Amino acid sequence: MALTSPGVIKAANEILVGLAPEVNVIKQFQFDISDAVADYGDKIRVAMVDGGTAENYNADSSNYGHVTGALSDFFVTLDSQPKSTIKITSTDKLELPNDSFWTRTAEAGKNSIAKAISAKVGGLFTTTNCAGGKITMASVTKAALAKCRTQAASKGRVADYVLVLCPDYYADALALFDSNVYGDSDPIQEGYVKRLYGFKSVVCGYDLPEGVKGALVPAEGLAIAVRPVAIPDPSAYTECATVTDENGFSILAMRHTDFNTGASLVNVTTLIGADLARKNETFYIAAS
């Protein structure tokens with residue numbers, strides 16, 4: 001099956017464009033996003049690669065065949081399926097992609113899926129899951145951010161860590177620096193800053209647990225998987241297809257008729273899974 005209505009095609013593509021900030025945050029961690037369909041509850045393998053410690057070449061003992069790194073598997077369960085359903089009140093709209101209805105449909109679909117992603121990821125950073133301990137940050141200052149470097153260095157390399165800050169703390173962090181420090185509009189428009197204070201990135205994290213202002217997490221310490229939903233019988237829908245962006249992030253879009261009312265319905269949905277893989281090396285941030 002495929003999408004055939006210009007309006008539905010426009011809405012599905014605009015949803016993917018609108019989800020770019022969430023995809024950018026996902027890409028700061030270990031992720032597996034694909035257009036391969038899956039079922040709710042499936043376990044997805046997210047590869048974890050550790051390069052190990054570099055060693056000097058020696059033909060006898062430290063040659064090219066001597067393995068220093070490792071490849072391990074971490075499985076994430078697809079246990080969240082956000083969806084957005086919009087009723088089409090006029091069949092003419094299907095052929096009018098520039099109708100403002102489709103812009104509103106795309107916005108609603110984007111918001112539904114974006115909220116589900118942030119809730120899934122943000123909800124992981126509980127005080128129990130973040131077994132590395134607490135970092136106290138009463139307010140965001142340059143000294144407080146520098147202190148997070150010390151905490152990261154106690155477990156590994158600062159450059160391998162991502163600093164997650166709640167929206168208020170993230171805004172305060174941006175206010176500490178002139179725009180030339182950022183170099184582009186990504187920190188404001190996309191919600192992340194690369195290499196600030198030597199971290200892999202500093203990201204704006206939503207839906208954090210009560211009392212948690214942020215987290216300091218290894219980039220390989222959070223695994224995220226996204227898959228479009230498998231439909232047993234796509235022919236049951238008037239139109240149905242997977243829509244994918246340039247990163248491989250995919251959603252399922254479909255249109256069908258509610259035979260009880262005669263209304264035409266457009267659905268967009270996807271499957272999401274996420275979990276912390278290195279809890280003992282992950283810290284949570286609290287005001288006190």
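Analyst: A search of the whole predicted model finds 1 cavity of 30 Å³ or more. The volume of the largest cavity is about 30 Å³. Rolling a probe the size of a water molecule over the atoms shows where empty space is left.

The lining of the largest cavity is made up of S84, I86, T105, G109, V266, N267 and V268. Three elements, β4 (83–88), α3 (100–122) and β13 (263–269), each contribute at least two residues to this lining. Of these, β13 supplies the largest share, with 3 residues. Sorted by class, the lining holds 3 nonpolar and 4 polar residues, and no charged residues.

Is A277 buried, partly exposed or exposed? A277 is partly exposed because its relative accessible area is 29%, and this value lies between the limits of 20% for buried and 50% for exposed residues. Leaving aside residues up to four places away in sequence, A277 touches M48, F74, E220, G221 and L222. A further relation across the chain concerns F29: A277 and F29 are 248 residues apart along the chain, and their C-alpha atoms are separated by 11 Å.

The strand to consider is β8, which comprises residues 201–204. In a regular strand the side chains alternate between the two faces of the sheet. In β8, S201 and V203 point one way, whereas V202 and C204 point the other way. All four of these residues, S201, V202, V203 and C204, are buried.

Strand β8 has pairing partners that include β6 and β7. With β6 (residues 161–165), the pairing is parallel and extends over 4 bridges. Within this arrangement, L165 stands opposite C204 of β8. With β7 (residues 192–194), the pairing is antiparallel and extends over 3 bridges. Here Y192 stands opposite V203 of β8. Strands β7 and β8 also form a hairpin, with 6 residues between them. In the turn of this hairpin, R195 has a positive phi of about 65 degrees.

Taken together, β8 is a strand of buried residues that pairs in the parallel sense with β6 and in the antiparallel sense with β7.

How values were computed: Residues numbered from 1 in each chain as written. Predicted model: local features only at pLDDT ≥ 70, side-chain atom pairs only at ≥ 80, totals over all residues. Heavy atoms only, no water. 1 Å grid on protein atoms, 1.4 Å probe; cavity = no way out; pocket = protein on both sides within 12 Å on 5 of 7 lines; lining within 4 Å. Points joined across faces, edges and corners; volume = space filled by probe spheres on them. Nonpolar A, V, L, I, M, F, W, Y, C, P; charged D, E, K, R; others polar. Buried < 20%, exposed > 50% of the residue type's maximum accessible area, 1.4 Å probe, protein only. Contact = heavy atoms within 4.5 Å. Pairing = 2+ DSSP bridges.
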